[in-house]
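Please look through the sequence and the structure below before reading on. The report that follows takes up a few places in turn.

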Amino acid sequence: MTAMSDERAPLEQPRPKAVRTIAYFITGFPLHLAQFVLTVVLLGVGLATVVIWVGIPLLMFTTSMVRGFGDLERRYVRRMLDSPLPPVERAPAEGGVLRRWRYRLVDPTTWRDLGYVLAALPLSAVEFAVGLASIILLPMAIWVAPWIGWAHGSLALALLGPNRAKRLEAKAQRLQASRARGVDAAEAERRRIERDLHDGAQQRLVSVAMSLGRAKNKFDKDPEAVRELIAEAHTDAKLAVAELRDLARGIYPAVLGDRGLDAALSAQAAKSPIPVDVEVDVDPRPPAAVETTAYFIVGETLTNIAKHSGATEASVKVWRTDEKVVVEITDNGHGGAEIRPGGGLAGLADRAATIDGVVTVVSPEGGPTVIRADLPCAW
């Protein structure tokens, strides 16, 4: 799976896969039990014996151990529950042993690691029971376990993920990158329109002007030639109008503005050389910028599928949540698609970035290929 970069995507817990979730529930309970017992026992003994200095080394060890547990859980939750938990960034501590320990004590991630270790045990006890039941009961494995895994991943993301300052910094960087890519996409679109006008309609209009000029010069001398020149100018004028209409339709198609995404995407699918199934459910109607972006992403993707994928059928699904419109295009081609700088998929991602959207590509060798665009309805 590829995306335009992980740091540009928002940190949201996806719904994990059922099999890995059940495996996490069953294996996580003894792991969290051991972490909880070690942490509570060493912390209690260290605090009780700190007055005789014995507790200080124990507390130092406990602090390092808890931080290690936090790093272990980040890797484990990321792998088993598909959580977008990034590795924690810990600034190196300098000075003597006590000074480094004091730095770790004032580090907020240490206390968040401790909070997760203490909270994970009671949650894991419930998850262990759900995991055992899911092995026997198929409905629990399909519907209940993944949602509980989603809740656990969300808790891990809240406690073990970046703090608020880091998230705001990452969001600012993502918005800055999206804005830069949006400017590049707009500039490329401007150059395309300029090129189309210069090579098409402008040349037609120049031809019209020349034909009318020649007709003017021959108006009194050769009426038959004038008639032919006017007919030629009329033909060129109609062609220029058609080219301008096509250009305007390429900027913002009339059917999209009049009837919305469902009709516009159905019209696109009807022009595709391979069968395309279209499902659209975007009520209430999203903003015009989101509709336009979704329309062109689907159009360019269907064109790429017809040219390069070797697919015999494709499907387009578009639906709306409270905050975004999701566009998902699937084909049964040979796969192997990925986002490359300067490639067609990179162009789709740049177009989505103009409204802070994210494009994700899943295309294993042999197919199928799934291209998904998450387009926010507010930015």
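## A loop residue and its surroundings

Is glutamate 12 buried, partly exposed or exposed? In this predicted model, glutamate 12 has a relative accessible area of 44%, so it counts as partly exposed, since that value falls between the cut-offs of 20% and 50%. Glutamate 12 is placed in the loop between strand 1 (2-3) and helix 1 (18-48). Although glutamate 12 and serine 154 are 142 residues apart along the chain, their C-alpha atoms are separated by 7.8 Å. Leaving aside residues up to four places away in sequence, glutamate 12 touches Pro84, Leu157 and Lys324.

Another loop residue is threonine 49, which lies between helix 1 and helix 2. A polar atom of the side chain of threonine 49 lies 2.7 Å from the backbone oxygen of valine 45. Threonine 49 also touches Val54, Gly55 and Leu58, when residues up to four places away in sequence are not counted.

## Helix 5

Helix 5 covers residues 138-160, and its 23 residues should span 33 Å at 1.5 Å a residue, which agrees with the 31 Å between its end C-alpha atoms. The helix bends by about 35° at valine 144, and proline 146 follows within four residues. Among the buried residues of helix 5 are Ala141, Ala145, Pro146, Gly149 and His152. Leu157, which is touched by glutamate 12, is also one of the buried residues of this helix.

## Salt bridges

Side chains of opposite charge can pair when their charged atoms come close. The count for this model comes to 8 salt bridges. One of them joins arginine 74 to aspartate 71, with the closest N and O atoms 3.1 Å apart. These two residues are 3 residues apart in helix 2 (residues 55-80), and are therefore separated by about one helical turn. Arginine 74 counts as buried at 2% relative accessibility, whereas aspartate 71 counts as partly exposed at 24%.

A salt bridge also forms between the side chains of glutamate 291 and arginine 285, at 2.6 Å from N to O. Here glutamate 291 is buried, with 2% relative accessibility, while arginine 285 is partly exposed, with a relative accessible area of 42%. The side chains of arginine 372 and aspartate 374 meet in a salt bridge at 2.9 Å, N to O; arginine 372 is partly exposed at 26%, and aspartate 374 is buried at 14%.

## Aromatic pairs

A pair of aromatic rings is described by the distance of the centres and the angle of the planes. A search of the whole structure finds 4 aromatic pairs. In one of them, the rings of tyrosine 24 and tyrosine 76 have centres 5.1 Å apart and planes at 45°, so the pair is tilted. Because tyrosine 24 lies in helix 1 and tyrosine 76 in helix 2, this pair ties together parts that are 52 residues apart in sequence. Tyrosine 24 counts as buried, at 1% relative accessibility.

The rings of tryptophan 147 and tryptophan 150 have their centres 6.1 Å apart and their planes at 75°, so this pair is edge-to-face. Both tryptophan 147 and tryptophan 150 lie in helix 5, where they are 3 residues apart, about one turn of the helix. Tryptophan 147 is partly exposed at 48% relative accessibility, and tryptophan 150 is partly exposed at 35%.

Definitions and conventions
Residues numbered from 1 in each chain as written. Predicted model: local features only at pLDDT ≥ 70, side-chain atom pairs only at ≥ 80, totals over all residues. Heavy atoms only, no water. Salt bridge = Lys/Arg side-chain N within 4 Å of Asp/Glu carboxyl O. Buried < 20%, exposed > 50% of the residue type's maximum accessible area, 1.4 Å probe, protein only. Expected span 1.5 Å × (residues − 1). Bend = angle between axes of the 7 residues up to and from the residue. Contact = heavy atoms within 4.5 Å. Polar contact = N/O pair within 3.5 Å; in protein donor to acceptor, adjacent residues only side chain to side chain. Phe/Tyr/Trp six-rings, centres within 6.5 Å; stacked < 30°, edge-to-face > 60°.
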